Amino acid sequence: GYTPAHRLNDLPIRRDMGGGRVWAPRNYENRYTPAISFRDALVLSSNTATIRLAEDIGLDRVAALAHRTGLAGPFPLVPALALGAAEATLLELVAAYSPFATLGQGTEPRIVARVEDRAGRAVWQQPVRAREVLDPGIAFLVTDILRDVVDRGTGRGVRAAGFTGPAAGKTGTAHNATDLWFVGYT
């Protein structure tokens, strides 16, 4: 029910973790605003808006979607789940992002897709196994937002490095450092 234009609260948050511990996640470059669009929250790595959105949707639903798209889990049902507080292999991440590039089709990763003889004829081929895991319209919109991450958001270093081809991606931010952990839409 959310659109890319939906406005989210982007002010600082604090969560009581029990035992006198408080969790106070920060936004990229410590930038906050009373309201930010869903699109800009993703493009600019607004952690506080993302956490509020995940809590509003339900952390169990966030975990279910992550599982459906290819991540194995386990997924801790804590607010930090919205920021990636679950382990994943690179292969799982590739599988989880594939529905965005395929308009909702989740594909099972393959190590070897095809074996050819000297003449280039296929002697063995692993079939593609795919299933719809996201609504195609939602996958399209998210991919468009992820393009924006690379073109004007926290992933713009890809463009600054000289890459000019089509790309979509998402960054992970920690302690004011940014690491691009996915780029690959072509």
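The legends below describe close-up views of a predicted model.

View 1. In soluble globular proteins, nonpolar side chains tend to be found buried together.

**View 2. The surroundings of F100.** Once residues up to four places away in sequence are set aside, F100 touches L134, A139, V142, T143 and L146.

**View 3. The crossing of α4 and α5.** Two packed helices are described by the angle between their axes and the distance between the axes. The axes of α4 and α5 come within 7 Å and cross at roughly 105 degrees, a value that lies in the range of 65 to 115 degrees, so α4 is roughly perpendicular to α5. On the α4 side the contact is made by Y97, P99, F100 and A101, and on the α5 side by A139, V142, T143 and L146. Sorted by class, the residues of this contact comprise seven nonpolar, one polar and no charged residues.

**View 4. The salt bridge between D148 and R39.** The side chains of D148 and R39 meet in a salt bridge, with an N to O distance of 3.3 Å. Because D148 lies in helix α5 and R39 in helix α1 (residues 38–43), the pair ties together parts that are 109 residues apart in sequence. Both D148 and R39 are buried; for D148 the relative accessibility is 15%, which is why D148 counts as buried.

View 5. R152 and D148 are four residues apart in helix α5, so about one helical turn separates them. With a relative accessibility of 37%, R152 counts as partly exposed, whereas D148, at 15%, counts as buried. A network of salt bridges links R39, D40, D144, R147, D148 and R152, and a search of the whole structure finds eleven salt bridges.

**View 6. The salt bridge between R114 and E116.** The side chains of R114 and E116 meet in a salt bridge at 2.8 Å, taken from N to O. R114, at 39% relative accessibility, counts as partly exposed, and E116, at 46% relative accessibility, likewise counts as partly exposed.

**View 7. L59 in helix α3.** L59 lies in helix α3, which covers residues 59–69, and with a relative accessible area of 15% L59 is buried. When its neighbours within four places in sequence are left aside, L59 is in contact with A54, L77, V78, P79 and L81. Between the C-alpha atoms of L59 and G70, which are eleven residues apart along the chain, the separation is 17 Å.

Methods. Residues numbered from 1 in each chain as written. Predicted model: local features only at pLDDT ≥ 70, side-chain atom pairs only at ≥ 80, totals over all residues. Heavy atoms only, no water. Contact = heavy atoms within 4.5 Å. Salt bridge = Lys/Arg side-chain N within 4 Å of Asp/Glu carboxyl O. Helix = DSSP H or I, 4+ residues; strand = E, 2+ residues; numbered from the N terminus. Buried < 20%, exposed > 50% of the residue type's maximum accessible area, 1.4 Å probe, protein only. Axes fitted to C-alpha atoms, helices over the stretch in contact; angles between N-to-C directions. Parallel < 35°, antiparallel > 145°, perpendicular 65-115°, else oblique. Nonpolar A, V, L, I, M, F, W, Y, C, P; charged D, E, K, R; others polar.
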